[in-house]
Amino acid sequence: MTESSSTKVTTSTSAAAPDEKSPETRSATAGNPSSAGTRRTSAKASSTKTKRKTATSRKRRSASKISPDTPDALIAAPSLPVNEPGQFGRINVLDVTPNEEGGLYPGRVELGELFTVTAQVFIEGRNKVGATAVLRTPRGKIMASRTMTCVNPGLDRWTVELQAGEHSDVKPWEEGFAAVKRQLGHWTVTVEGWEDTFATWLHDARIKVRVHDSDVENALDEGAELLTRWSKTRGSKLHAEAKKTLQAAAATLANKELDPAERLAAADNDEIAALHESNPLRDGVSESRPVKLKVERPKSSFAAWYQFFPRSEGAYVDEANGKIVQGTLKTSVAGLERAKAEGFDIVYLPPIFPIGVTNRKGRNNTLVAGPDDPGSPFGIGSAEGGHDTVDPLLGTMDDFKALCAKAHELGLEIALDFALQCSPDHPWVKEHPNWFRHKPDGTIAFAENPPKKYQDIYPIDFNADMEGIEKEVVRLMNLWIDAGVTIFRVDNPHTKPVRFWQDVIASVTRRHPETLFLAEAFTRPGMMRALSYAGFTQSHCYFPWRNTKEQLEEYLNTTNCDDGFYQHNTFWPTTPDILTAYVRDNGIAGHAVRAVLAALGSPSWGIYNGYELIENRQRPGFEEQIDNEKYEIKVRDWSQAKKYGIAEMLTSLNRIRRAHPATHSYHNVTVLRSSDDNVLAFVRHTPAEFTGTGKPDTLIVVVNLDGHNAHQSLIHLELGDFGLPTDRGVQLKDELTGREFTWGWDNFVSLAPWADVAHVLSVQY
């Protein structure tokens with residue numbers, strides 16, 4: 001509805017100031033005045049009416065205020081009442097994404113992460129519409145308001161990229177982290193659809209002037225009225241010169257002494273088009289229902305993990321007796337320093353609790369342990385204590401706190417494995433026997449997944465006392481957080497109730513909102529998604545088993561799409577439990593390939609130590625390493641790492657990730673067409689307004705998946721999709737080698753495993 005129509009409307013700002021209801025809400029809640037003939041039957045009713053009138057008067061006065069937070073792009077328009085759920089606005093806004101499960105579980109983004117919002121926005125007939133996405137903090141303050149772009153007119157699909165605040169490098173233990181925490185929580189995105197009256201008018205006016213339509217005078221007069229109203233729109237942040245430009249154009253449109261084409265030209269030019277782009281006239285503004293986003297702290301999405309076993313760090317063979325002397329928390333500082341040198345920022349430690357003796361496993365998971373076998377750290381609990389105790393062979397709680405303090409000094413976070421399982425010697429077996437599943441003969445059942453058996457572990461029965469178990473787990477996690485842990489990697493969470501983890505994570509993060517959780521859940525997709533809904537920040541995933549070009553292209557798109565709002569897949573080439581045939585069979589080149597894919601295929605990636613030493617021998621018949629570190633102490637010669645070059649590759653990849661904002665998001669990957677089945681190519685792109693440098697950031701990753709043979713391929717790059725020039729060559733720099741290339745639309749690439757397994761090409765703007 002326009003101001004020139006016969007129906008009177010009230011204009012208002014499109015966005016209210018913080019802690020102030022929107023004009024549309026004010027209009028809906030002010031109430032209708034009673035008719036003059038209505039009689040009040042009591043003094044109380046009369047008083048209530050007076051109060052309502054006073055409140056309405058205040059609200060009407062406040063409607064004229066302009067919020068200092070109203071962005072330039074939000075131009076006031078005739079307001080409409082707020083719609084009840086299920087009611088359409090003047091403009092139709094549907095299917096706002098991200099918004100799965102009916103909005104029950106909010107999408108998740110890291111503070112400062114770039115993400116995409118889409119919606120269907122349309123109006124009846126042939127009138128034109130526009131759309132604006134408005135991002136608000138938990139307090140309701142507008143942090144961003146961006147005009148959306150129609151990417152599929154046939155389906156009325158509009159899209160825009162937003163950024164949840166600004167990225168921060170402040171660590172959870174540092175003084176400035178309090179400011180970061182204040183930005184965390186549930187933000188909202190609202191899509192505003194609006195009638196683009198100017199665009200509709202201009203489209204028709206151009207045609208009428210061109211064909212000398214008999215109604216051209218009315219069309220030009222209508223344009224003059226429209227531009228005049230645009231220049232006077234209340235709440236507009238049009239500067240004085242812009243208003244004068246609109247008013248001058250309106251005057252020219254109304255000047256009947258000029259030729260119609262001259263009159264139209266006053267409104268149909270680059271200057272007016274720029275104002276329409278930055279400060280459009282927005283009629284009939286209609287809001288979608290707010291879509292929630294959970295904004296989480298740095299490292300919730302963009303993270304580089306490094307895993308080592310403390311008992312192997314600093315371990316050595318005693319020459320006097322030929323026995324291994326295990327490492328301790330004190331000697332584990334060497335592992336911290338190696339992780340730091342290679343550019344990682346999270347160090348993940350397997351369980352450091354006392355290990356049970358009963359049914360202790362021997363080397364390579366044998367049923368009988370030798371006298372010097374240390375057992376699996378996942379068989380938790382002994383006479384020395386349970387999940388709240390440091391294994392005395394590793395040191396003391398003070399030693400652990402010192403290790404955390406050293407990690408923090410190096411800028412590293414400590415992630416601790418929390419395996420909720422017990423050895424037969426765990427204190428809980430005596431203190432809480434009802435927490436375990438019993439057989440008919442009264443004995444406790446050990447864990448099994450037939451035909452696999454885990455005789456050294458008693459699984460917990462959550463049906464008996466889930467509330468009591470939850471309270472104990474929350475106590476334990478808070479204890480380790482107080483010691484310096486900021487992240488928990490949870491072992492096999494899919495074998496416990498999802499509701500259990502939802503309760504535990506909610507309780508822990510209520511007190512420590514900075515705490516992150518990684519789910520080690522290689523299981524069914526539905527369960528993995530449910531755990532993410534329950535609060536797990538990141539998730540292990542199927543990446544180790546995605547090795548062909550077709551598989552990887554599909555999985556890159558799965559990980560880096562709207563699914564990334566809910567499940568943050570972290571890519572690990574190997575783990576203590578996983579050593580695939582690809583890593584086994586492709587040697588040094590295969591290790592390099594999988595590292596490149598992991599580091600640049602997902603914002604979160606991880607390396608299990610020993611990868612630098614090409615530890616790739618499988619236990620016969622199993623997809624894991626022989627002489628597995630879960631069951632023995634490893635004595636490694638780290639001086640040998642240089643000859644393989646993988647440590648250098650890991651360091652380079654982490655350097656590239658830190659330097660390029662395009663690697664930080666789960667929502668900016670485009671797979672490129674390549675002509676060879678062994679050559680995979682994809683792009684990560686972040687526009688200039690979101691990089692913090694004033695320049696766009698574009699990385700092109702090309703990988704030869706064959707660890708034994710050279711391959712050549714043509715790579716097609718759709719230049720315009722990434723804002724690249726289409727009339728000249730694009731200058732690229734290989735971030736791995738420093739070499740420079742010039743690319744166009746179709747580009748020849750040759751990669752050989754004995755030379756370059758991959759290119760990581762940054763566009764030189």
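Are Asp283 and Arg229 buried or exposed?

Reply: Both Asp283 and Arg229 are buried; buried stands for under 20% relative accessible area, exposed for over 50%, and partly exposed for what lies in between, with a 1.4 Å probe and protein chains only. This is a predicted model, in which local features need pLDDT of at least 70, side-chain atom pairs count only at pLDDT 80 or more, and totals for chains, interfaces and linings use all residues. Numbering runs from 1 along each chain as its sequence is written, and side-chain values use heavy atoms, with hydrogens and water left out.

Asp283 and Arg229 form a salt bridge whose closest N and O atoms are 3.0 Å apart. The two partners come from distant parts of the chain, 54 residues apart: Asp283 is in strand E11 and Arg229 in helix H5 (residues 216–231). The rule for a salt bridge is a side-chain nitrogen of Lys or Arg within 4 Å of a carboxyl oxygen of Asp or Glu. Helices (H or I, at least four residues) and strands (E, at least two) are DSSP runs, numbered from the N terminus.

Strand E11 covers 283–287, and the loop between helix H8 (270–278) and E11 holds Asn279. Asn279 is buried because its relative accessible area is 7%. The side chains of Asn279 and Ser278 make a polar contact of 3.0 Å. That term covers a pair of N or O atoms within 3.5 Å; within protein, one must be able to donate a hydrogen and the other to accept it, and residues adjacent in sequence count only if both atoms are side-chain atoms.

The salt-bridge rule gives a count of 37. One of them joins the side chains of Glu472 and Arg475 at 2.8 Å, N to O. These two residues are separated by about one helical turn because they are three residues apart in helix H12 (residues 462–483). Glu472 has 16% relative accessibility and so counts as buried, whereas Arg475 is partly exposed at 36%. Another salt bridge brings the side chains of Arg489 and Asp491 together at 3.0 Å, N to O, and Arg489 and Asp491 are buried. Salt bridges with shared partners also link Glu217, Asp221, Lys256 and Arg263 into one network.

Turning to the strands, an open sheet of eight runs in the order E22-E21-E20-E17-E16-E13-E24-E23, with parallel pairing. Its edge strands, E22 (538–539) and E23 (570–571), each pair on one side only. Strands count as paired if DSSP finds at least two bridges between them. E21 (residues 516–520) is joined to E22 by two bridges, the strands running parallel, and Leu518 stands opposite Gln538 in E22.

Elsewhere, E6 (residues 129–136) and E7 (residues 142–147) run antiparallel and are joined by five bridges. Val134 has Ser145 of E7 as its bridge partner. The two strands form a hairpin with five residues between them, and Gly140 in the turn has a positive phi of about 90°.

Most residues other than glycine have a negative phi, and most peptide bonds are trans. Asp95, in strand E3, has a positive phi near 50°; Asp95 is partly exposed at 45% relative accessible area. A cis peptide bond with omega of about 5° joins Thr97 and Pro98, and Pro98 lies in the loop between E3 (92–97) and E4 (107–110). Glu101 is found in the loop between E3 and E4 and has a positive phi of about 55°. Glu101 is exposed because its relative accessible area is 52%.

As for cysteines, the whole structure has zero disulfides, the criterion being a pair of cysteine sulfur atoms within 2.5 Å. Cys422 counts as buried at 0% relative accessibility, and Cys541 counts as buried at 1%.

Finally, the surface. Val317, Ile324 and Val635 make a nonpolar patch of about 230 Å². Patches use residues with over 30% relative accessible area and no salt bridge, joining like charges within 9 Å and nonpolar side chains (Val, Leu, Ile, Met, Phe, Trp, Tyr) within 5 Å. Accessible areas come from the Shrake-Rupley method with a 1.4 Å probe; for residues, only the protein chains shown count as cover. Val635 lies in the loop between strand E24 (604–608) and helix H18 (646–659), and counts as partly exposed at 40% relative accessibility.
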